Amino acid sequence: MSQHHDLTPTGGPASDDLAAAALTRQLLTAPAASFTGGSDTEVHTLVSSDHVPLYLFAAKSLARHWPEVSPVVHDDGTLTARDRSRLLRHVPGLRVIGRREADERIEPLLAGYPQLAAVRRGNVRILQLVDYFLLSRSRSVVSMDSDVVFLARPDRLVRWAGTPSAERATFLYSPEEGWEPQGVHWIADRLPGVPYVPYMCCGFACADVAGFFDPAYLEEMLTRLPPEIRFAPRYVTQMSYSLLGGRAGEKRVAGLGEPYRSGRLEWLPRIDDRVICHYFASHERATTYDNLVEERDLLSRALDGGGTRADAG
């Protein structure tokens, strides 16, 4: 990756341009993300060309605090050869799954699930569920959006990843509280009596692959929903995670609590043991540049190590 400012589009005030350029230099000169892959846990992320730099902040902070996992990037269809080169240079050993490859592998696997297959063809966001689990090579999958950074070692997740499947939660999720998660609000009216997980964010979640993902159950639920919901451009993935969590049962599902709560730092209580920050890069922000400017302190802190103690949960 060159150190030109192709990752930081200009056009804002001069002070913002300087801040974005400085943050980009910090990202480019930070050590490459080094992972050992020793925990039988994969961290999957759907990445667009525009969000490559944001993913690099995520991956480098993840490697600093949880290097035992294996990172996997799913191309949303916009990644270029140059993007792939950048990703592999900064995250050596990264598995990048191209969109064409994913389509060729997934379509036969969904042959018996026509509604789920149709949703996947028309909604790239559902790759964050279907592809993460069907293309996983590990026992455990972490769903992590590109706009998540780690600020401390996730001790609770490290313990979870090392626990036998029969003795651990099937699904752990980042709480999304203080506002109604949009992907969940359809369920009570449209699927009465169906269990689901309220106030959850699928932008950061952990699941036991064998115990969590059930395409037949998703097919049944999607079939019961009207087309305007089934094929809605947003929030269907969050709804689907919530339904699968409900299927797993209350005793097999747990929220990760305040240290893993989704939301921008300024929206959240100040605590000493925050582990992640999911800063909602697409909420009222148009570009990566906007996030480099608005989240400069957070992103710089993530590269420097976070500055918080590991969670005790």
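A: A search of the whole structure returns zero disulfides, a disulfide being a pair of cysteine sulfur atoms within 2.5 Å. Cys 206 takes part in none, and the nearest cysteine sulfur, that of Cys 201, is 12 Å away. Cys 206 is buried at 1% relative accessibility, and Cys 277 is buried at 0%; here buried means under 20% relative accessible area, exposed means over 50%, and partly exposed lies in between (1.4 Å probe, protein chains only).

This is a predicted model, in which local features need pLDDT of at least 70 and side-chain atom pairs count only at pLDDT 80 or more, whereas totals for chains, interfaces and linings use all residues. Residues are numbered from 1 along each chain as its sequence is written, and side-chain values use heavy atoms, with hydrogens and water left out.

Charged pairing is represented by 15 salt bridges, each defined as a side-chain nitrogen of Lys or Arg within 4 Å of a carboxyl oxygen of Asp or Glu. One of them joins Arg 153 to Glu 68, with an N to O distance of 2.7 Å. Arg 153 sits in the loop between β5 (148-150) and α7 (155-161) and Glu 68 in the loop between α2 and β2, so this bridge ties together parts that are 85 residues apart in sequence. Helices (H or I, at least four residues) and strands (E, at least two) are DSSP runs, numbered from the N terminus. Both partners are partly exposed, Arg 153 at 26% and Glu 68 at 24%.

Another bridge pairs Asp 103 with Arg 120, whose closest N and O atoms are 2.9 Å apart. Since Asp 103 belongs to helix α4 (residues 99-109) and Arg 120 to helix α5 (residues 114-122), the pair ties together parts 17 residues apart in sequence. Asp 103 is partly exposed at 27%, whereas Arg 120 is buried at 2%.

A further bridge brings Arg 247 and Asp 214 together at 3.0 Å, N to O. Arg 247 lies in helix α12 (residues 236-248) and Asp 214 in the loop between α9 (209-212) and α10 (215-224), and the pair links distant parts of the chain, 33 residues apart. Arg 247 is partly exposed, with a relative accessible area of 35%. Through shared partners, salt bridges also join Arg 99, Asp 103, Arg 120 and Asp 131 into one network.

The packing of helix α3 (residues 81-90) may be considered next. Its buried residues are Asp 83, Arg 86, Leu 87 and His 90. Viewed down the axis of α3, these buried residues fall within an arc of 95 degrees, so they line one face of the helix; the arc is that of the directions from the helix axis to the C-beta atoms. The buried residues of α3 pack against α1, α2 (52-65) and β2 (70-75), contact meaning heavy atoms within 4.5 Å.

Finally, the backbone is considered. Most residues other than glycine have a negative phi. Asp 40, in contrast, has a positive phi near 55 degrees, in the loop between α1 (14-29) and β1 (41-47). Tyr 199 also has a positive phi, of about 55 degrees, in the loop between α8 (187-190) and β7 (200-208). Asp 40 is partly exposed at 37%, and Tyr 199 is partly exposed at 38%.
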